[in-house]
Amino acid sequence: MLQIKNLRVEYESDNKIITAVDGINLTIEEKQIVGLVGGSGCGKSTVALSILNLIEKPGRIAGGQILWDGKDLLKMGSDEIRKVRGSQISMIFQDPFSSLNPVFTVGDQISETIRYHEGLGKRSALLRAQELLSDVMIDNPALRLKQYPHELSGGMLQRVMIAMAIACGPKLLIADEPTTSLDVTVQSEILQLMIDLKNNLGLGILFITHNLASVAEICDLVAVMKDGRIVEQSDVFKIFEKPASDYTKELLKAVPKLKC
Amino acid sequence: MLKVENLSKKFGIINAVDDISFEIEKGEIFSLVGESGCGKTTTGRLILRLLEPDCGRILFEGIDILKKSQSELKKMRKNFQIIFQDPYTSLNPRMRVGDIIEEPLKVFGIDAGAATLPHLLEMVGLPLNYVKRFPHELSGGERQRVGIARAIILNPKFLIADEVVSSLDVIIQAQILDVLKRIKSHLSLTILFIAHDLAVVGSLADRVAVMNHGKIVEIGNKDIIFSNPSHSYTKKLLCAVPIPDPIKSKFRK
């Protein structure tokens, strides 16, 4: 479904060129959760932004292809890619507080996406928004529609983000550290929700995180990134049973474990 | 070392901290665990009297700090310090690292000698040339090391670490936890470690108190609580911790 081929992304700073992503290859199929794991600054978020061609100056995509059902996303014009964003590929971010607009209600923000991509009227878009909120297991969705982001908890806001992301029936969801800022209990609920999206909607998910424990819980495939390169890529069971690269071992060692 | 008795604090109609009592022994790492909004941070702030409690007693080495005037309290504060969660907002962006770390000395008018700063930087694992840098030039982990150095420069007896690793990635997390263990044994510190991540707490704490809705629901030795939790809320928290083994995943069927 999505094929990243030899992607290179560079940032220019003080007349020096920094290679953030250095020739990576990655494939995501339908109904598959692919974990992209690495420490801060390894380039994993840059990969996510590249898929939707959202890299801004001083960064630039210096080479490679990102094929979406065979078409190169990087060669699309801005009108064309705008039709892909949100309706075919959507994205959620680490911090739901700063991803939502504080001065509009949750209902306004979800229905905005629906109205843009599906051309629905205001009232029917709001009804659809309410359905979506119950799909992501928010209690009392009718009330939540009328509330502002500051009235909701972090976990609820992340569910709102997911509702927006799946509003137009995308085939791929890019989730960039979606659980990192949440409590463990809420984190586990969001992981469950992502598995449900995969099973019920057949969504492919690119799950970006620094924590191998959450990868072990939900991913099918894993790619470990370091300094802009993928150092190891394989089936989730294989990577945990027998990690090949030293960096993967280091990441595994760093995961705090419960001794019980 | 520290004894908290029937401590309560209300914000409006919400009981943020609701009649809690616990004791921290000298030299131990005691951890308060719970979800956001459970009152663990408020408890930390009450102990330092950064917030005034509604009722209760806080005894530090037998002295009731709630009975102290502000000026007496200031003298005592040398002995208890805090490190905050967010290393981005807890450092003054216009001060250099060296000045940030040494500021507590100026507040108390202490001349600690020129060797102090290099020694501290070494202890927290920062290169010496960092003293001239500004916070924005540092990574999250490095900033947290600055926060730790600032907290221990006065040789405190008691340190509160409030979610100090929750904004860091796992590798940096492990490094910062190592720094905490190191300074604890070097300075024979007593630490109140506030966190929501039970796995992190498990790797560090000696004893644990689990908080929910402002109350302590379970308290005791870490190994006992983790292997045999008696309260349903503790079980729920333990259950939620992701396990780095795909074969044991509770989400796959």
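How are α3(B) and α4(B) oriented to each other: roughly parallel or roughly perpendicular? In this predicted model, the axes of helix α3 (residues 97–108) of chain B and helix α4 (residues 116–124) of chain B come within 11 Å and cross at roughly 105°. The two helices, α3(B) and α4(B), are therefore roughly perpendicular to each other, a term for angles of 65 to 115 degrees. Axes are lines fitted to C-alpha atoms over the stretch in contact, with angles from 0 to 180 degrees between N-to-C directions. Helices (H or I, at least four residues) and strands (E, at least two) are DSSP runs, numbered from the N terminus.

On the α3(B) side, B:Gly98, B:Ile101 and B:Glu102 meet B:Leu117, B:Leu120 and B:Leu121 of α4(B), where contact means heavy atoms within 4.5 Å. These residues comprise four nonpolar, one polar and one charged.

| Item | Value |
|---|---|
| Residues from chain B | 32 residues |
| Residues from chain A | 37 residues |
| Buried area, chain B and chain A | about 2,900 Å² |

Carbon and sulfur atoms give 64% of that buried area, which is the accessible area (1.4 Å probe) that two parts lose on being put together, summed over both. One salt bridge is counted between the chains, defined as a side-chain nitrogen of Lys or Arg within 4 Å of a carboxyl oxygen of Asp or Glu. A:Glu217 forms a salt bridge with B:Lys250, with the closest N and O atoms 3.0 Å apart.

Chain A averages a pLDDT (the predictor's confidence in each residue, from 0 to 100) of 92.

Residues are numbered from 1 along each chain as its sequence is written, and chains are lettered from A in the order in which they are written. Local features need pLDDT of at least 70, side-chain atom pairs count only at pLDDT 80 or more, and totals for chains, interfaces and linings use all residues, while side-chain values use heavy atoms, without hydrogens and water.

Note on methods. Angles under 35 degrees count as roughly parallel, over 145 as roughly antiparallel, 65 to 115 as roughly perpendicular and the rest as oblique. Ala, Val, Leu, Ile, Met, Phe, Trp, Tyr, Cys and Pro count as nonpolar, Asp, Glu, Lys and Arg as charged, and the others, Gly among them, as polar.
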